[in-house]
Amino acid sequence: MDRETEQGRWLMDELRQRWEQIRKTIADACARVGRNPNEVRVVAVTKYVDLETTRAVLDAGIEDIGESRAQEAVPKFEALEGRGVWHFIGHLQRNKVKDVINRFTYIHSLDRYSLAKEIQSRAEKADKQVKCFIQVNVSGEESKHGIAPAELTDFAREVVETCPRIQVVGLMTMAPKTDQPEEVRPFFRRLKQLQVELQKLGDTRLHVPHLSMGMSQDYPIAVEEGATFLRLGSVLVGRQK
């Protein structure tokens, strides 16, 4: 066995072991709160790993791929011939929308009206619907992007009224970094409350069934608080850059 083949097998074995452990952790978290593990999807955050690792993720049976920089994601997407379901999870610049909407099924970072209008314009030209999560800055940290919770209802209404090519499928947030995972629970719980508030408006366009929250350090708590999409990087694929 040559060295490259041996490294490839080691990587696949490592990925499968990590994936098995993550699925068990999700199942345990769901059991604690009476949820069905099938409600939870894992997005493998591959933005810090190379093409071969991303390919191995897909080969291991993980279909959801998360990238945050269009200039690096597009070559990967093309090399992998569009395999998997691609999620754009980073801050999206308006001039990159044209590169994203024809390749990514989900955009997790709709955080301003100018971006919504650009997505609408590009989606009209491409004759397609774009599934978007509204990013909410629940923590209020200046370093994070996102709509303020108090502005969410008005923003969401404006998007669905004026951007029919955007399908608002959920809300996304990023919790503060902390060594104590339990400290992030209130932020995840608040996003769930915001979801319920939007649903109570009675507008079918704002049913927002999904919550994108929880990363490597805090995903069991996110599951307990209602996450339907987890964005997992280092705990699943490691970090090369």
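The accessible surface of this protein comes to about 11,900 Å², and carbon and sulfur atoms own 45% of that area. Those areas come from the Shrake-Rupley method with a 1.4 Å probe, and for residues only the protein chains shown count as cover. What you're looking at is a predicted model, where local features need pLDDT of at least 70 and side-chain atom pairs count only at pLDDT 80 or more, while totals for chains, interfaces and linings use all residues. Residues are numbered from 1 along each chain as its sequence is written, and side-chain values use heavy atoms, with hydrogens and water left out.

Now for the overall build. There are nine helices and eight strands; these are DSSP runs numbered from the N terminus, with helices (H or I) needing at least four residues and strands (E) at least two. The radius of gyration is 18 Å, close to the 18 Å from the globule rule for 241 residues, so the protein is as compact as a globular protein of that length. That radius is taken over C-alpha atoms, and the rule is 2.2 Å times the number of residues to the power 0.38.

How much of the protein is buried? Buried residues make up 48% of the 241, where buried means under 20% relative accessible area, exposed means over 50%, and partly exposed is in between (1.4 Å probe, protein chains only).

Next, zoom in on strand β4, residues 106–110. Five of its five residues are buried. β4 pairs in the parallel sense with β3 (residues 85–88) over two bridges, and also in the parallel sense with β5 (residues 130–135) over three bridges. Strands count as paired if DSSP finds at least two bridges between them.

Ser-68 sits between β2 (64–67) and α3 (70–79), and it is buried because its relative accessible area is 11%. Skipping residues up to four places away in sequence, Ser-68 touches Lys-47, Phe-88, Ile-89, Gly-90 and His-91; contact here means heavy atoms within 4.5 Å.

Arg-165 lies in the loop between α6 (152–162) and β6 (166–172). Is Arg-165 buried or partly exposed? Its relative accessibility is 22%, so Arg-165 counts as partly exposed. Ser-121 is 44 residues away along the chain, yet the two C-alpha atoms are separated by 8.5 Å. Neighbours within four places aside, the contacts of Arg-165 include Gln-120, Glu-124 and Val-130.
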